[in-house]
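I opened this notebook page to record what I looked up about the two chains and one of the ligands. The entries follow in the order in which I made them.

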Amino acid sequence: MTKRFMVRPALCIGCRTCELACSLTHQEGKTPGRTRIYPLAVGKEKWVPVACLQCDDPACVKSCLVDALRMNEELGYIELLQERCIKCRACVAACPFGCSLIDEEQEIIVKCDLCEGNPACARFCPTKALEYK
Amino acid sequence: MKIQINGRWYKAREGEMVLDVLRREGIEVPALCAHEAVEPYGACRLCMVEITHEDWGGWKGNVTSCLYPVEDKLIVQTHTEDVIELRKMVLNLLLARCPNTPEIQKLAEEYGIDITDFVPREDADDCIMCGLCTRVCTQMGFNAISVAGRGYDREVATPLKEAPPDCVGCLACVNICPTNHIKYQDVGTTREIWGRQFELVKCKECGKALITREFADYLIKNRDIPADYFDVCDDCKRAGTAKNFKKLVHWEEKEEAEEEVSV
Ligand code: SF4
Ligand code: SF4
Ligand code: SF4
Ligand code: FES
């Protein structure tokens, strides 16, 4: 059984530790990468961490005309093959949750890869609002 | 399976090319016409390597690594004298074709060539005729550009050199070109490429633009993506996702969780 990424917004305190953990884990060049997770404020003392849902019928995969996106069955996440991507932004425009992203600094397209089986955001979340189990 | 490169063994996968292994392992070999998004083509001839095998009775040969499939116990040398000479020859010619192109100048310099021995092309542009742009455009299903003309006058062009009817303005060709030959311009929400103008889809909420209307329409029609997915940009969609989740969350969970901790 593959593990599941679980989000419990009620426990989120908006500390943004997940963002930092994500950026530092995804260091493509010399600088930290763009975070793939966003704890967004939705009201007084209320946050919802938004990240890729690794959809069953993913719009990003369907939109990619060069097959740079595919389901990694083993680890249960949608993988972006950087060497294949020609940065057409179709997936960025198509994802209904806004979770395929442009990393302007590195000039690449990025998305959550669940840290290939050990998501840093969940490891560092102090309140267990994010868990991978 | 395993292949040997410059004396060390590396894992290789059935069906891949020698160049795929070289790139994965970070072994530096120039390769200007190969990109994972398209099928290999063997046009630039820079990726030449020497190959041999213990079963080949001493036979050795030079091949384009982007087109040569791996086989178990293949022995590869990436920098033999012969191979370096071949690359120098190619670079010498490329530098005559594109004397003012920084990417080519730099690569030639790495191989000790400052000026070409051949007559540099007059009014030279930056196209090295690698065919990546036309191949990626075909791969994406648009087929908007192709190589026109013969010999010296060959160039990448649109049909009849007019604004290409099949282009959707996706910029795949711009992004894949190794020498930045293909130019485009975004002014406000208008994109111009190959002499044609496109309108970019503007986010209904904030106005941010990501792709052209034509590209979005293609994806809606051919890739079964609901049209309204393209109405809003990624930033506003994340915000919308948060708002939608807000309605589903049992916010009391927080107090319950805290109570549990304090017990
Ligand atoms: S930006 Fe890259 S991953 Fe996204 S659809 Fe285009 S080629 Fe595929
Ligand atoms: S921008 Fe036009 S010519 Fe270039 S790859 Fe896209 S459809 Fe083809
Ligand atoms: S325009 Fe660029 S990608 Fe196209 S053939 Fe010329 S060098 Fe290659
Ligand atoms: S990369 Fe192999 S011939 Fe160009």
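I began with the salt bridge in which the side chains of A:Lys62 and B:Asp224 meet, at 3.7 Å from N to O. The term stands for a side-chain nitrogen of Lys or Arg within 4 Å of a carboxyl oxygen of Asp or Glu. Between chain A and chain B I count one salt bridge.

I note that the model is predicted, that local features need pLDDT of at least 70 and side-chain atom pairs pLDDT 80 or more, and that totals for chains, interfaces and linings use all residues. Residues are numbered from 1 along each chain as its sequence is written, chains are lettered from A and ligands numbered from 1 in the order written, and side-chain values use heavy atoms, without hydrogens and water.

I next looked up the extent of the interface. Contact (heavy atoms within 4.5 Å) takes in 42 residues of chain A and 38 residues of chain B. The buried area, which is the accessible area (1.4 Å probe) lost by two parts on being put together, summed over both, is about 3300 Å² between chain A and chain B, and carbon and sulfur atoms give 67% of it. On the side of chain A, A:Ala10, A:Leu65 and A:Ile86 lose the most area to chain B, together 20% of what that side buries.

Finally, I turned to ligand 3. I find 13 residues around ligand 3 (a heavy atom within 4 Å), of which B:Cys127, B:Cys130, B:Gly131, B:Cys133 and B:Cys177 come nearest.
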